[in-house]
Amino acid sequence: MTDQAHLFIQKEAESAERPGKTGPRAPFSLARLPDAVTGWLLSLPLALVLFCFLLLPIAMIVVVSFWGATEFSIYPAFQFDNYEFLLTSPVTYQVFFNTVKYALITWAITLVIGFTVAYFLAFHVRTLTWQIILFLLCTIPFWTSNIIRMISWIPFLGRNGIANSTLISMGVIDEPLEWLLFSDFSVILAFVHLYTLFMVVPIFNTMMRIDRSLIEAAYDNGASGLQTLTNVIIPLTKPGIMIGSIFVVTLVMGDFITVRFMSGSQKANVGRLISNDIALLQYPSAAATAVILLVTVLLVISILLRFVDIRKEL
Amino acid sequence: MEKRSRSFYTLATFFALFLLFLYGPTITIAILSFQGPQGGLTFPMRGVSLHWFRDLFEQQAVGDIWGSFSRSLTLGLMVMVTTVIVSVMGGLAFRKRFPGSGAIFYLIITSLVIPSILVSLGVGLIFSQSGLAVHWSTSGFGAQLTWTLPFGLLIMFAVFNRFDKSYEEAARDQGANAWQTIRYVVLPIIAPMLIGVALFGFTLSYDEFARTLLTAGSYNTLPLEIYGMTTNVTTPVIFALGTLTTAFSFGIIGLFLAIVVILNKRRSRHGSDAGKGMV
């Protein structure tokens, strides 16, 4: 008799000895169900939500991307007009280029800042209490409103804002700088402001799990601080860097509100292309753009996921 | 203790500047929201007053701030409770691999990385094409869950990865059934982390914009209302509103952190070892 069968019989015997309150049969118990059934039952609510509000909407977008539209309504069809228009229009390529540009620049800046901040927290702050306090200080803005945080830049960057008046009074410039607000500069500044903590958190998390004796070993073997950083810490932090990169790149690529607000509607990215179509009730065209955006984002993610096993990193 | 190196001071300065960058703008609008009645959107301050806060409490010329606030609050609580329950169940489910668990896991990741406007657009289209009215408590609620659940689940996965299973085995050995094991052993141990999940659930919903944009219907949530104001309000009243809602968020964060601290203190006072079952 196998052990499992033996256990099973033993369990049956036990439940027979302890009859349930509801009747002669043993009470319903999750433990006696096969693992697969327990797993399905427990993840049922999750699967339902994701099916109704993630899978179905994606399917709907794909379907609608083949539909047609008049000025006031949309009608079911199966035509490639939306894609044809998109893929032959130079605007599309320009906007995609802009989107990738924002993503790359923001990624580079948030990576440098995020890594430095996490490195300071993980290796230079000595007590756990202070690490927790300073880490919380870095993450609290995540739980506040993005829109308010964008609005907060207006008094800084405006024509008569703090930045310009300070620079003028210091004699650095004579005329107010026009490119501070409503430009690529302000868009990227807002992105960095909003999303750097998405780099800090995973990188800090990975760094805290690095075995400190590895670093001491590196020093003992005569490695300089820089060598330890590049040969020990950075390679070991790679999973955190990848997870942070996934967050930042997808958030920036899918954004439409930051670009709209911080550029004063003067710049465009794919998200704005979609939201403009939506505003004009051109849902099929918006859906086609959305499909292309989704494919792009998923491609980028699948490349980044090759460098990290997320399930192992949690 | 060994002496601080020069790189420590360089990095500490960098960190301080980062915090200034993070909080500076918020502090600035908090100061500017106390502008006098003649004041504008930037410095100089023209007097100090509560004028713009008073403006918020009076009948609004545009929008419905307090209505949208109460809707955001209700929705935030709904999303919070759902996120905690569904995340705990999902976390328990994912402790063992089951057929389909890989697919659900990738769905969770997709839910996290998908551009918000796609969820908004897709959910909006489904509701409009099937003749249902979009409403913040139905379509808006579901759309927000696709943003809060991945965070809740990732936290639960991390929690259960570090969970010491011998506590459960001990409970089972003492004759606890599955439900009793979860109710009296697992849940108390993970309680502080559940507060964290609740915090994510509430605040992410309370501030969510993009996923609610096309799914909230004719009654706005607060972020939608604020966004509407940015296009047609050019007085510091918007700073006053921003300051109030940020202060509210800080209050909520403080409340959740306080609960965690109190929970931990009570445990150590009662000599319980609950919460130490994490390895």
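This is a predicted model: local features need pLDDT of at least 70, side-chain atom pairs count only at pLDDT 80 or more; totals for chains, interfaces and linings use all residues.
Figure 1. The axes of α6(B) and α8(B) lie 9 Å apart, and the two helices pack at an angle of about 160 degrees. An angle over 145 degrees counts as roughly antiparallel, and α6(B) and α8(B) are therefore roughly antiparallel to each other. The crossing of α6(B) past α8(B) is right-handed. On the α6(B) side, the contact is made by B:Q144, B:W147, B:T148, B:F151, B:G152, B:I155, B:M156 and B:V159. On the α8(B) side, the residues are B:I190, B:M193, B:G196, B:V197, B:F200, B:G201, B:L204 and B:S205. By class, the residues of this contact are 10 nonpolar and 6 polar, with no charged residue.

**Figure 2. The contact between chain B and chain A.** Each chain contributes to this contact: 72 residues come from chain B and 72 residues from chain A. The elements of chain B that give two or more residues to the side touching chain A include α1 (6-32), α3 (65-93), α6 (136-161), α8 (178-207) and α10 (237-269). The most comes from α1(B), with 15 residues. The side of chain B that touches chain A has 50 nonpolar, 20 polar and 2 charged residues. For the complex, the predictor gives an ipTM of 0.87 and a pTM of 0.87.

**Figure 3. Helix α10 of chain A and the residue A:G222.** Chain A has 15 helices and 2 strands. Of the 314 residues in chain A, 37% are buried. Helix α10 (residues 212-220) of chain A is hardly covered, since the count of buried residues among its 9 residues is 0. A:G222 follows α10(A) and has a positive phi, near 95 degrees. Among contacts in chain A between residues at least 6 apart in sequence, 68% join residues at least 24 apart.

**Figure 4. Confidence along chain A.** The mean pLDDT of chain A is 85, with 89% of its residues at 70 or more. Within chain A, helix α1 (residues 3-17) has the lowest confidence, at a mean of 42, and helix α4 (residues 90-124) the highest, at 94. The pLDDT is below 50 over residues 1-26 of chain A, and this stretch has 10 contacts in the model beyond near neighbours in sequence.

**Figure 5. Confidence along chain B.** Chain B has an average pLDDT of 86, and 94% of the residues score at least 70. In chain B, confidence is highest in α3(B), at 93, and lowest in helix α2 (residues 51-57), at a mean of 80.

Definitions and conventions: Residues are numbered from 1 along each chain as its sequence is written. Chains are lettered from A and ligands numbered from 1 in the order in which they are written. Two residues are in contact if their C-beta atoms, placed from the backbone, lie within 7 Å. Helices (H or I, at least four residues) and strands (E, at least two) are DSSP runs, numbered from the N terminus. Ala, Val, Leu, Ile, Met, Phe, Trp, Tyr, Cys and Pro count as nonpolar, Asp, Glu, Lys and Arg as charged, and the others, Gly among them, as polar. A residue is buried if 20 or more other C-beta atoms lie within 10 Å of its own, exposed if 12 or fewer, and partly exposed in between; C-beta atoms are placed from the backbone. pLDDT is the predictor's confidence in each residue, from 0 to 100. Axes are lines fitted to C-alpha atoms, for helices over the stretch in contact, and angles run from 0 to 180 degrees between N-to-C directions. Angles under 35 degrees count as roughly parallel, over 145 as roughly antiparallel, 65 to 115 as roughly perpendicular and the rest as oblique. A crossing is left-handed if the near helix is turned anticlockwise from the far one by less than a right angle, and right-handed if clockwise.
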